[in-house]
Amino acid sequence: ILKTLPGSPGNTRLVSLGDLGAYGSAGTTNNFEFSKKFLEGFGMPFNIITGNHDLEGMTEFTTDKENFAAWKKAFDVSSPHGTFSQQIAEKTLLVGLSTEKFRDNKFSSHEVFISDPQLEWFASVLKAHPAEEGWNIVTFSHAPPMGSQLRHLNSVHIKNTCAWLNHAQGTTRRRTFYRLAREHGGVSVWCSGHFHLSHDYEDSMGIVRGHHPGSMTAYATTGVIGHKSCRDGRRQSRIIHGDAETIRIFTVNHHETVSNGVHVEPLRLDLSFPSSLAARARLSALGEFPKRVPLPEGEKISEGDEWWFSARTPQQGDGCYLPTSEGSLDIVDQSTPGAVCW
């Protein structure tokens with residue numbers, strides 16, 4: 001990461017999105033202490049938020065309150081809900097949200113839960129830094145908001161109601177984060193982890209327009225660095241580089257090749273867009289809108305991979321189908337090998 005920082009580092013800050021340890025050690029005091037030394041090794045200021053696994057120190061702590069308190073003590077976090085708000089440059093704010101429950105979650109222990117007081121704090125931070133005054137806000141949470149358009153795993157995260165922030169808390173509460181970002185207009189980037197997937201899918205980044213002319217939020221999946229934690233064999237981090245003109249989002253590859261033997265560069269640009277809302281509004285008026293840089297073909301995980309599903313157009317002989325606009329049916333014996341009922 002340090003070797004691949006683009007240009008002059010300037011005001012640099014490291015942010016950990018949580019899930020600090022592997023199964024068996026996650027959520028323990030030893031893990032927190034080890035992780036703090038690791039993060040301090042970068043030689044720069046850092047902020048941290050909790051992931052669901054950071055509160056699963058079941059062998060050491062009886063309650064979430066005890067576990068959360070140990071995490072805050074280890075990382076010198078003073079905010080009651082594990083949040084942070086850090087101005088890193090002129091009109092540029094970093095904001096972090098932390099999950100506060102594991103044992104006490106009603107439906108899924110792995111739901112990334114943001115309490116009402118924490119949500120009220122987040123809304124107040126956005127209100128105090130309006131997009132109309134030129135603020136760019138980069139938000140960090142362990143899971144993404146619902147509506148972010150990011151890839152998840154149906155068999156894991158949807159099935160267990162833990163794919164999005166406050167997933168099991170009802171439609172209104174889980175959609176609040178997405179609504180706040182769109183209404184504010186200055187939440188330019190929102191980084192999340194949780195899925196332990198790489199950045200090499202088309203939907204590892206979602207770009208959502210806001211309510212203001214030219215406003216947008218780039219939702220970015222952030223991968224993992226540990227071999228034991230990645231689900232698709234690719235270990236990655238992100239670098240966000242901003243100046244007065246442009247915000248750029250990069251992928252840092254911690255592997256040198258992918259499974260097909262293709263060599264990958266250590267740093268890859270994924271998205272670039274104007275820093276100012278006014279500049280983005282001018283582009284929008286011209287019918288232009290930021291798009292992610294196309295993934296290199298050799299690195300992209302596509303339809304041939306097991307993570308994807310495929311769809312096809314019904315054909316005569318498949319099974320039941322509607323061959324004409326009048327809606328007549330051609331019924332095929334479903335015992336026919338390969339027959340499919342559409």
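This is a predicted model: local features need pLDDT of at least 70, side-chain atom pairs count only at pLDDT 80 or more; totals for chains, interfaces and linings use all residues.
Modeller: Residues are numbered from 1 along each chain as its sequence is written, and side-chain values use heavy atoms, with hydrogens and water left out.

Colleague: What do R103 and D64 form, and how far apart are the closest N and O atoms?

Modeller: A salt bridge is a side-chain nitrogen of Lys or Arg within 4 Å of a carboxyl oxygen of Asp or Glu. R103 and D64 form one, with 2.6 Å between the closest N and O atoms. R103 lies in the loop between β4 (92–96) and α3 (116–128), while D64 is in helix α2, so the pair ties together parts 39 residues apart in sequence. Helices (H or I, at least four residues) and strands (E, at least two) are DSSP runs, numbered from the N terminus.

Colleague: How many salt bridges does a search of the whole structure find?

Modeller: The search finds 14. Another of them joins the side chains of K36 and D76 at 3.0 Å, N to O. This pair links distant parts of the chain, 40 residues apart: K36 in helix α1 and D76 in the loop between α2 and β3 (84–89). D76 is exposed, at 60% relative accessible area.

Colleague: Which residues of α1 are buried?

Modeller: They are N31, F32, S35, K36 and L39. Seen down the axis of α1, these buried residues fall within an arc of 135 degrees, so they line one face of the helix; the arc is that of the directions from the helix axis to the C-beta atoms. They pack against β1 (14–16), β2 (46–48) and α2 (64–74), contact meaning heavy atoms within 4.5 Å.

Colleague: Which exposed residues does the face turned away from the buried side of α1 carry?

Modeller: That face carries N30, F34 and K37. F38 is also in helix α1 (residues 29–40), and counts as partly exposed at 42% relative accessibility.

Colleague: Where does D270 lie, and what is its partner R292 in?

Modeller: D270 is in strand β11 (residues 267–274), and R292 in the segment after α6 (277–285), 22 residues apart. Their side chains meet in a salt bridge of 3.9 Å, N to O, and both residues are buried. Salt bridges that share partners join D200, R234, R238, R268, D270, R292 and E299 into one network.

Technical notes: Buried means under 20% relative accessible area, exposed over 50%, partly exposed in between (1.4 Å probe, protein chains only).
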